[in-house]
Structures are given as structure tokens and as C-alpha cells.
Amino acid sequence: MKTLLDLFKDYRFRHAFVVLVIILVMAVLSFFSPYDPTLWHVVPRDMKPSAEHWLGTDSNGQDVFWQATFAVRNSLIISLISAVISRAIAILVGLVAGYKGGTVDRVLTFIGDSLLVIPLFLIFVMIAMMVREHMNLVVLGLMLAVFGWPWDARLIRSMVLSLRERDFTKTALLSGTGTVKLVLKEYIPFTTPLIFSTLINNMSWAIGLEITLALLGLVDLTIPTLGTMLNWAYFSHAILLERWWWILTPVILSLLMFIALYWLSVSISEYLDPRTRIQRVGA
Amino acid sequence: MDKLLEVNNLVKQYSQGNVIARITLTAVDHVSFYIKPAEIFTLAGESGCGKTTTAKLVLGFEGATSGTILHNGKKQTRSEKAWITKGVQAIFQDPFSAFNPLRTVDSYFHETVRNFRLARSKQEAIARIDQKLRLVGLTYQEFAGKYPNEFSGGQLQRISIARALVTDPQLLIADEPVSMVDASLRMSIANLFKQLRDELGVSILYITHDLATAYYVSDRIAIMFRGNIVEMGTVEEVLMNPRHPYSKLLRDSIPQADPKKRWTTTVTLAELEQEEYLRQGCKFAGRCPDVMEICKSVVPTESYVDNVLVKCHKYSEAQVSSAS
Amino acid sequence: MVEEKQIILRTEYLKAFYVLEMQGTQKVAKAVNNVDLQIYENEIYGIAGESGCGKTTLLKTLFNEIVPPLRLIDGKLYYRIGSDEVDVTRISAEEKRKLRMEYISFIPQGSMSVFNPVLKVKGAFADFIGSHISEHKRGETFDLARKRILELGLPQNVFDVYPHQLSGGMRQRVTIALAASLNPRIMIGDEPTTALDVVVQRGVIQMLKDIQRDLKNTIIMVTHDMGVHANIADRIGIMYAGKIVEEATTERIFAHPLHPYTRFLINSLPKFGDKRMRDSCPGSPPSLIDPPSGCPFHPRCPHVTDICRQQMPDFNQVDKDHKVACWLVGEEQHG
């Protein structure tokens, strides 16, 4: 509780929190949607925003607002799967490589570096084309996760490398602590700000990448996400035909999400930074 | 005679450099010494002499290149963790970095008690911890739940000592324990060491470059230079009457707290450390005021003068000439 | 006839506090709390005290480096430049910069931070000299600097290596040579010998004495090691909790320490040949944020009396060169 109150003092956290609450509410609302998002012609097409259809309707005969709730929900799911799984891999790899050193470190770093260097986009395009029939939220999330860990694994590894040399590692060893417990208890508190901020950044990255792939038509377009909504709107010439309610909805929602996630990550990682934490501790 | 710790011909080499040019530095060069129970033994020397490396080898943090280490007659194997199996504990130079700033200090104590199975209940654990804290002049009340930055340097160092005592070690390795503590507070820690030796029978391997506190606190002392022990004996003999030219230099360079005893001579300092390491013959030959030709090419052997071990050609020749 | 030395640096009621704002609360650390100093030219003045007594802050203030969160609350700081006394807390940033290195230089504790790690040592010298000396004189100054390096016993090749290739002691000596390169009238050293090996420390002390003798300037040096002070200082000021509590020539301080804290500082040092039990000072240094009332040493003083708890004693000029701020000494004089 105290943590939350402290965080609220930061204007960035406050605004981001509000936006994300709104987005979460929208995502939850999707469960109450009166329309099935995968069907067409459930409502009259191309109608402007009105009391009945708050954000109007699109050219496929769907209510834009309710479509957006699904889009937001699915984008969040994809990005969460990607971020959480890639964090897990990054932490594991980073801790092991940093603490063990030697050959294990070299092998893991090699794998990570290779993944970093490979032109991500081409690989995605290739995989997407191969997997297109089976592409769903989870598959997409996993794909993104596999490519999202190397950068942060490196950061965690270098942190562990420097922590290993600190005297308190020796004190912990002399206290009889085994390797696993040592790494978990002594080092992870130092890595939490990193993990949090990269988690949120990874979510942003995942959403962005999903939008890109969707615009290229490489995902299953029947599943509503921010990207697929954009795709439909764009390729149905919503701009030309001045159906602004359709195209602006995913655009604005995406922008809001990016900014909110960014502010969230910055304010939380500043709060969790060991340097400021140490000042707060015992004060 | 019972030897708590016996080190024989200990060698530790490191190689430095890259694929094209590698050099081998011998950080610890055939070092031998022993420590008796309830004794304070000092390994003294300047930075780069190998004393800290020797401590790491005795603790088991690193493995020796060759040589043997015996604890109470039992051999220590290469990767053996002496603090778990051989009743050795250690404290280090910087009291502030000895504890994780994000953890409470008492959590380390409880962890030690748990890992070494020293108590059957939380009450017992606290009682044991409190007892050790009282030995260093603190109580559990004033220390529980606090983070490292809530204590002063002197207090933290005493807390480190208390933590090391939790497992009732027979040998405590203290690596430069007072160099980061103010000069005026060093005595309290030095007095504490004496108390531990006299009341608890703990032996201390005291590593330092401060000969003044070494004189005050230790029973026997070995002076190290670039990996070799150059003089070893009781602290009275070695520090009041140093024989090896380096011991003399070291002793004379301590600033005395008396303006009437200012230095009258000047010193020449070593230019590049690595050069001295790689010397053939006696490593001190480059700076020795009594250097002879033989010193530059032949490694001096160990000789005994009045029960003091000296590794210097001056004394081996004296032996030879006095015998003939 | 004894030549009267001129005062080269003077402070009056100097007060510099750290004002820290953290999460809405303000904490004030009274690091320099009413300090009056008169420092002469051609002398080495030592400031002795434990960590946390404010000595580093005092040095920063004397060097006129008062940047937030450190604030100058009260008092004055004068340098004697030429024949004028200048109140340097009021001069412009450009004038401050000119004074640095040419008039007054600083030797910090960690020598590595002085050097740019990607420049060779001669680069650091060129930087300093270049920013103070006009073009046509630079070559001359550079050669002088080179000569001084050799005179001080440093090897020729020191100019052509990178800072990390030098050992700690060597780096410290080069830092001192750098600080002396523009012939400053005042050199300030913050624990310049503390992290060094004992033989190297001796060499550094030697070097400082040689420089002072050659340049006939003033060195103000802070260290907690009374042995170092005994070897190098002409006069010593004992600092405690942001205040100077005793000041005298080195001989007098060691022969007749009057303040109980000074006595502790001297008596707690081990001496060769003497294995008798020595006591260190009881208790721990006071917090500067919440200093004790009256005389700040009273919680640890074995001779504390009531007035000690209530009022800070003024300076008592016990002798021509010896003053002490302690209620006990005043009484002895009058009792």
C-alpha cells in the first residue's frame, strides 16, 4: 500500500495508471459484449458514432466500440504472454550465465547474441507465413517471447557479474548459503527494477510488432486485435472514405497504451532503483 | 605441538595476458607457516605481496596451484569450502560492502544459524546471536531489523566479527579488518581480537599492512613481499629488531605519532610492480639498500637467526662464514 | 627578529550545511558549523578528525566548491591574492575558475577520478595547462611540468602511459605533481595518503614536503592519521562534529594535548615497543544531522560537566600558538 502511495506522487505514474485502468476496464467489458466479434453484418454498416453505437460501426458490420474491447483484450494477452515468458527466459539465462561464468556463460551468450543479430523481421515474416493457419494469440505470443529475451538477459548477466565480486557475496557464502539461494536472495532484489521496466517495455514492443505483422496481413485477421482492426480499417479505405471513427479508434488506443506503458516503466524503475531504495530504507 | 593450521609450500599462479603474450605471475611462492590454537598470527606486507591470496586459499575460495593446507592435521582438498567443513570463518576489509544494502543485517545471522543447524527454535537462535553480539559490545535489541546503512563503519565491522563467531570457529581470518576504520577506533577492534584469543581460545590469521596494530595485537608475524615470506618469527623479534632489509624499510616507514621522530632519510619507490614480480633472484634486489651481486640472480634460501626465519642472502652468507 | 607570516586564507564564522530533501522531509547536516581559521603562507596545516566530522566538507568549502546540496549558510571566506584580501564567496564563476589550479589546487582522495581514462597522462597535463595558460607560454609550462615530475622522483615514462597502467601510489603522486604544476599558493589535500601502502605513503609525504619547500606555498591537509600529521604538519587543527576544537603547533599538540578528544586521538595510536592496553574513544561519532547540545563531544567525554551539556565553549587562547575550546581548560586557567 505504502508503495502505491509513494508511486502516486509521481505524475507519470498517476496518468499512466489512469489510462491503464481505462484500458483494463475496456478489456473486461469485452466479456459483456452483445455482439460476437468474429461475425459480420451484425449491425448496419458504416454508421457514424451515435447513442446506440458509441464509436459507430465499421464496413464489416461490426460495432466499433465492442470490437475495440476485444482488440484491446487480445493485444494485452499477446503482449503479456510475450513479456512474461521472455522475462522468465531472460532471468534464467542471465543469472546462470553471470554467476557460473566459463563455458556455460559463453554458450548462453553466444545463443543470445545470435538471436539479437538475426534480422528479426524477416524471420517473423517467414515463420508467420509458415504458421499462418495455426496462428492464434498464444502462438504469436510465444513467437515474440522467443525473440524478446536476449537483450535483457545480457543486462541481467552484467549486473550479476558485478554483484558476484561484491563482498556481501562472500558473507553470504560464509553464512553457508548455497549457490541457488544466494543468487535468488542476494541478487534478484537488485535486478527487480530492471525486470519490471523491461517487462513493460517488452509489452510495448510486442504490441508494436503485432500491429506491424497484422498490417502486413501475416496474422489471422479474424481475431480482433489492435493490429487487425487497423488492417481492416486501412485496407477498407477508411481514411479515403472519411470513416475516421473506425481508423482512429485503434490508432488512439495504441498510442495511449504506448505512452502509458512507457510512463509506467520509467516511474516504477526509478522507484525501484537500488540507489533510491537504499536512501528510503531505514530512513 | 598442536597446529591448528599448517601451510606447506603453498603456490598460486595466475596467467595474464592474451593468446600472443602470456605471463605467469606467482602470487604465492612456496609459502609455509603454521598457526597454533589461541594465537594471533599476522601476515603483513604491502598490496600485491600475496597475503590476501593466501587467505583465499586457506578459506577455500580459490584452489592452490600446489602445496598443502592442513586444518588440525586434516588435509584440505582443492575445491573444499573450509568454512563449512573445517571451522574457519572470515571478515573483510570494507564493513559497508560486507552486507547487502537491501537486506537487514540480522538476516545473515539467522541464515548462518539455519544453514549450520545451530539452533532448534527461533528463541534459541536469537539467544545464540545475542550472545555473540554481546561479545563485540552490542545487543540483539539494538541491532534487530536494521539495515547496514543504519550503523557506523566501526559498528558494522564488529557485527561482521559477531557473525563470523556464530559458528564457533577455531580460526578467524581477518583480511585488513581495520584499514577502513578510523585510526582512533582501531584499538577497539584490536582489543576485541585479543579478547577473543584470551577468553574464547580463537586463533586469528590477521592480514594487514599496518605494522603498528600488528605489533599491538599479534603473537607471531610473517612479512611477505611479492609472494614470498621474507621474515617470520615472534612479533617482538621481527618488529623490534627487523633483519631483512624489506622488514626494516616497512617498519621505518610507519609514521610515528611523535613529531620528534620524523623521517630523516628518503625512500625510493618501486617503479612498476610487474617488474619486481618477474625478477630472477631476490625480488627486492631492485630497491634493497644492502643489495649484493648474488641477490640479482639467485633466489635466497631460508635461514634461521635467533629463531627468526629470514630469507636473505645477507644471513645465509653470515651463516656460512660464521660456521667456517 | 621573527618574521611575521602573512595570513593567506581566512574564514569567519563559516557555516556550510547539507540540505537534503527526500520524499517531502528536509534533513540538514551541519557539516561545517562555525569555523574560524587563519592559515598562513609557507606552512603545512593539518586538519585531523574522524570520518563524519565534516572535514571533507570543510575542504570543499575552503576550496570554494560549494554546490548543492551543500549550501553556504553564513560566514566569510577570504583568500589573500597579492596584497588584497578577497571575499571569494562573492566572485564570479569565471574568476573562480581562474583561481583554481593557478592559485589554489585540490588533491582528492581517489586518484583515479582525476584522470580521463582514455587520455594518456600527458593529455591530462595538457588539459590543465591549456585551460589556464595562454598559447605562447604553454610549451614552457609543459616543460617545467615535465622537469618537476623528474625532480620528484617519478620515472620519465609516466607521461606516456594511461592512468590505469599506473599503480595507486604512482597515480597519487602524479596527481600531486599535476596539482602543483601551475605553482599554486595553496594546495588542499583530502586524505591524500589514506588508501596507500605504508612505504608509498612515506614517499608521497616526502613529495609533498619537497614541493612545499620548493614553492614555499601552503598545504592544507586532512587525514585521520595522527602519525601522518606528526610527520608533515607545522600546525594542526582538531575537528569534531563540524567544529574546530583545538589548534596548535604540532609539537604542542603532541606534547600537551588539552582537549579530551585530542587526547583520545593521540593515545589511541599503538606505539612500537608498547604492548600495554590502549583504549579507543568510547561511543561513536555524532550525527551531523542531530548533533548533541552544547559541546558536541559531551556524550563521550569522561570529564563532562553540566555546562558542557548546555553551552558550546568559546576558544581559550592558552598560549601564543595554542587555542582550545573546552570548559575544563578555561577552569584550569582561572581555578
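1. Let me begin with the interface between two chains: chain B gives 36 residues to the contact and chain C gives 37 (two residues are in contact if their C-beta atoms, placed from the backbone, lie within 7 Å). Please keep in mind that this is a predicted model, in which local features need pLDDT of at least 70 and side-chain atom pairs count only at pLDDT 80 or more, while totals for chains, interfaces and linings use all residues. Residues are numbered from 1 along each chain as its sequence is written, with chains lettered from A and ligands numbered from 1 in the order in which they are written.

2. On the side of chain B that touches chain C, at least two residues each come from α5 (153-165), α6 (186-200), α7 (211-217), α8 (235-240) and α9 (245-252). The largest share, 4 residues, belongs to α7(B). Helices (H or I, at least four residues) and strands (E, at least two) are DSSP runs, numbered from the N terminus. By class, this side of chain B has 17 nonpolar, 12 polar and 7 charged residues; Ala, Val, Leu, Ile, Met, Phe, Trp, Tyr, Cys and Pro count as nonpolar, Asp, Glu, Lys and Arg as charged, and the others, Gly among them, as polar.

3. Now the sheet of chain B: 8 strands form an open, mixed sheet in the order β6-β7-β8-β3-β9-β10-β12-β11. Two strands pair if DSSP finds at least two bridges between them. At the edges, β6 (88-91) and β11 (302-305) each pair on one side only. Neighbouring strands are turned by 20° against each other on average, direction ignored.

4. Within that chain, β10 (residues 228-234) and β12 (residues 308-311) pair in the antiparallel sense over 2 bridges, and B:Met232 has B:Leu309 of β12(B) as its bridge partner. Helix α6(B) packs on the sheet, touching β3 (40-44) and β8 (203-208), and its direction makes about 155° with that of β8(B).

5. In chain A, α9 (residues 179-215) and α11 (residues 244-272) pack at about 170° with their axes 8 Å apart. Axes are lines fitted to C-alpha atoms, for helices over the stretch in contact, and angles run from 0 to 180 degrees between N-to-C directions. The two helices are therefore roughly antiparallel (over 145 degrees). Their contact has 13 nonpolar, 7 polar and no charged residues.

6. Finally, in chain C, β4 (residues 70-81) and β5 (residues 84-87) pair in the antiparallel sense over 4 bridges, with C:Asp87 as the bridge partner of C:Tyr78. The hairpin has 2 residues between the strands, and C:Gly82 takes a positive phi near 70°.

Conventions
Angles under 35 degrees count as roughly parallel, over 145 as roughly antiparallel, 65 to 115 as roughly perpendicular and the rest as oblique.
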